[in-house]
Amino acid sequence: MTKKVLTTSAGAPVSDDNNSISVGPRGPLTYDNHYTFEKLAHFNRERIPERVVHARGTGAYGTFTLTKSLKEFTIADFLQNEGKRTDVFIRFSTVGGGQDSHDFARDPRGFAIKFYTKQGNYDMVGNNTPVFFLRDPSKFPDFIHSQKKNPRTNLPDPRMAYEFWANYPQALHQVTILMSDRGIPASYRNMNGYSSHTYSFWNEKGERFWFKWHFKTNQGIKTLRAEEAAVADPHGTQQDLVEAIDRGDFPSWTAKVQIMTEQQARDAEVNPFDLTKVWPHDEFPLIEVGQLELNRNVDNYFAETEQAAFAPSNFVPGISSSPDKMLQGRLLAYQDAHRYRVGVNYNQLPVNAAKCPVNHYQRDGAMAGLCPAGGHHHQTSGANFYPNDRDDGPAPDQAVAEPPMPVEAGAWLDRFDTDEEDHYTQAGNLFRIMSDDQKQQLANNIAGGLGQCDASVQQRMLAQFEKADADYAARVAAALKA
Ligand code: HEM
């Protein structure tokens, strides 16, 4: 076998990679060791900041195939014609732990999909749960801090999590999911994905519909019990996904949507833009629309998975946001994180670059390059401003103008304290459909962490469980005693 010639980062052939130039065999090194210095200096710069949340993850490429046209609801190009295939990149993750934490933490799982459509990238940045702990973005840093390590001891501290939850009852629904038997997926292949938020479609006539994504695993739901997770391989879910794809056992999900008209939203009893609540399936049935398959592993984990930059604001014509307050917080947070973590031109990296022409008047910045996909307008004709008189200067297209977003008539600006709203019915409904074994696992899982908390936190949590279902509180109380 003839090996490729080793080179410097500038491409020059290297004659010796093992021995630096020294003054005699026992002597010191000299300044002409620029090659050794290049290696050491690059090594010092190998890290970029890890994601502040969802730091540990696994990514892969695949395809989304539309099986039911959504033309009636949206002009989005990739949702028009049945059979249409769209390339995707998906990154799964845990939320709270750092890059070197455990794959089998009791934690929600991130489920982020980048659809490389003809009209630009559309990102669905969801989780494996249909709801979340919060509904106001201002609480996100507080909530995440309560899940992270104790700032003094640098150790996991379940007392912080329960102290936050005891003071913030709107989290109860998601806490019930997290502490249930679904709290630790056995693999990324064996879990569902949800947009969780309400988003909107709009169609050719300018009509808007609210919708939620559901991606149901075709591998079936599999989970680990707490005692199984405690002895599981910390790299288990990374290994499971990479090996399944390598052997051609491609995991897939059935894509479904729930859709609500503007009038139904006005009439809905539960606020359809409240991220702590689900939409009842009997009123808003799941409509099957496609198949999502993962079929290609990344070639380089850092270049692709680590530098992947998803943003809930990456919409395409026909898809947009909603009045969900949490979603609005997210619409600004992610690009800010990418500029800090990856760099201002993160969208030019191959994993993030659109597979359609990208034409704009943004200029320069660190690592600006010419995108191999033919995108990124670098003003080669000299047009770096708009409006201009040049034929090749890109111009906005009124045809993709979004219809006006409806807001509540006569609404006023204020801070609305929603603490008196019902945080308990949906958590109780979830508890009531659990089997006896599932209810007991839930109680035991809660008692594991809550048992380490002081009496006041325990009492406030028990009061929340009681409001959801008396049996929920009774079981947790008994598990705490045991
Ligand atoms: C106001 C609330 C939230 C804020 C401020 C927020 C912020 C962030 C930030 C800063 C990141 C790291 C981004 C990066 O460095 O690449 C992130 C990652 C992520 N977030 Fe959120 N988040 C919020 C709520 C949510 C919710 C409700 C979901 C799910 C429904 C979610 C799903 C994700 C996922 C899946 C990732 C990882 C994406 C990837 O794989 O790169 N987040 N979030």
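What follows is a conversation about how some terms are applied to this structure.

Author: Please keep in mind from the start that this is a predicted model.

Reader: What makes Tyr334 a donor of the iron atom of the ligand?

Author: A donor is an N, O or S atom within 2.8 Å of the metal, and the OH atom of Tyr334 lies at 1.8 Å from the iron, so Tyr334 counts as a donor, and it is the only one from the protein. Tyr334 sits in helix H9, which covers residues 325-341, and the unreviewed UniProt entry places a "binding site" feature at Tyr334.

Reader: Why is Tyr334 called partly exposed?

Author: Its relative accessible area is 23%, and because buried means under 20% and exposed means over 50%, that value falls in between. Leaving out residues up to four places away in sequence, Tyr334 touches Val125, Phe310, Ala311 and Pro312.

Reader: How do you know whether Asn33 is buried or exposed?

Author: The relative accessibility of Asn33 is 4%, which is under the 20% limit, and therefore Asn33 counts as buried. Asn33 belongs to the segment before helix H1, and, apart from neighbours within four places in sequence, it is in contact with Ser20 and Ile21.

Reader: Why is the chain described as being as compact as a globular protein of its length?

Author: The chain has 13 helices and 10 strands. Its radius of gyration is 25 Å, close to the 23 Å that the globule rule gives for 482 residues, so the description applies. Of these 482 residues, 47% count as buried.

How values were computed. Residues are numbered from 1 along each chain as its sequence is written. This is a predicted model: local features need pLDDT of at least 70, side-chain atom pairs count only at pLDDT 80 or more; totals for chains, interfaces and linings use all residues. Side-chain values use heavy atoms; hydrogens and water are left out. Donors are N, O and S atoms within 2.8 Å of the metal (3.2 Å for Na, K and Ca); water is not among the atoms, so sites may look incomplete. Helices (H or I, at least four residues) and strands (E, at least two) are DSSP runs, numbered from the N terminus. UniProt positions are given in the numbering used here, feature names are shortened, and annotations may be inferred rather than shown by experiment. Buried means under 20% relative accessible area, exposed over 50%, partly exposed in between (1.4 Å probe, protein chains only). Contact means heavy atoms within 4.5 Å. The radius of gyration is taken over C-alpha atoms; the globule rule is 2.2 Å times the number of residues to the power 0.38.
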